[in-house]
Amino acid sequence: MMRERGIRVPRLYGFGFPHDNSGGVCVKAGHAQWALLLRVLPDRYALAEAEEAAARLTLGDVSILTDRSGDNVKKPLTLAEFRRRIEARPQMAMDFDDWNAGCDCFLEAA
């Protein structure tokens, strides 16, 4: 429908993102979206990683992602650690269906 109306489809859809909210960088995004962002837009990932690290200096042991492996206890998983895990084992086990951990950035009109 967008193309029929002469509207260019946002490039994030071409990269495989399910939506074009927040330019692919969203604190409510899931593991799959952050892994895709790291792969296709590493500069944006790096900026988010740096901003998260700066926030941790003020807020303490907090993170955007959650490590849900092991004993079912949620633990902070920093973007830096997530990146290192992916770089060490690109095929690592993670929830690749976890695209959006509750994002409500975009709501349908009432």
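## Helices and one turn of α4

Helices are DSSP runs of H or I with at least four residues, numbered from the N terminus. With that in hand, let's look at helix α4: arginine 83 and glutamate 87 both lie in it, four residues apart, which is about one turn of the helix. These two residues form a salt bridge, and their closest N and O atoms are 3.2 Å apart. Please keep in mind that this is a predicted model.

## Where α2 meets α3

Now let's move to another pair of helices. Helix α2 covers residues 31–40 and helix α3 covers residues 42–59; their axes come within 5 Å and cross at roughly 120 degrees.

Which residues make the contact? From α2 come Trp34, Leu37, Leu38, Arg39 and Val40, while α3 brings Pro42, Arg44, Tyr45 and Ala48.

## The nonpolar core

The largest nonpolar core has 17 residues. Inside this core, the residues with the most contacts are Trp34, Leu37, Tyr45, Leu65, Leu79 and Phe82. Helices α2, α3 and α4 (79–88) each supply at least two residues of the core, and α2 gives the largest share, with five residues.

Leaving aside neighbours within four places in sequence, leucine 65 is in contact with several residues, including Ala29, Trp34, Glu52, Pro76, Leu79 and Phe82.

## Salt bridges

How many salt bridges does the structure hold? There are six. In one of them, aspartate 67 pairs with arginine 85, with the closest N and O atoms 2.9 Å apart. This pair links distant parts of the chain: aspartate 67 sits in strand β1 (residues 65–67) and arginine 85 in helix α4, 18 residues apart. Is aspartate 67 buried or exposed? Aspartate 67 counts as buried because its relative accessibility is 8%, and buried means under 20%. Arginine 85, at 28%, counts as partly exposed.

Another bridge joins the side chains of glutamate 81 and arginine 84, at 3.4 Å from N to O. Both residues lie in helix α4, three residues apart, about one turn of the helix. Glutamate 81 has 27% relative accessibility, so it counts as partly exposed, and arginine 84, at 43%, also counts as partly exposed. Through shared partners, salt bridges join Asp67, Glu81, Arg84 and Arg85 into one network.

Conventions:
Residues are numbered from 1 along each chain as its sequence is written. This is a predicted model: local features need pLDDT of at least 70, side-chain atom pairs count only at pLDDT 80 or more; totals for chains, interfaces and linings use all residues. Side-chain values use heavy atoms; hydrogens and water are left out. Axes are lines fitted to C-alpha atoms, for helices over the stretch in contact, and angles run from 0 to 180 degrees between N-to-C directions. Contact means heavy atoms within 4.5 Å. A nonpolar core is a set of buried Ala, Val, Leu, Ile, Met, Phe, Trp, Tyr and Cys residues joined through side-chain atoms within 4.5 Å. Buried means under 20% relative accessible area, exposed over 50%, partly exposed in between (1.4 Å probe, protein chains only). A salt bridge is a side-chain nitrogen of Lys or Arg within 4 Å of a carboxyl oxygen of Asp or Glu.
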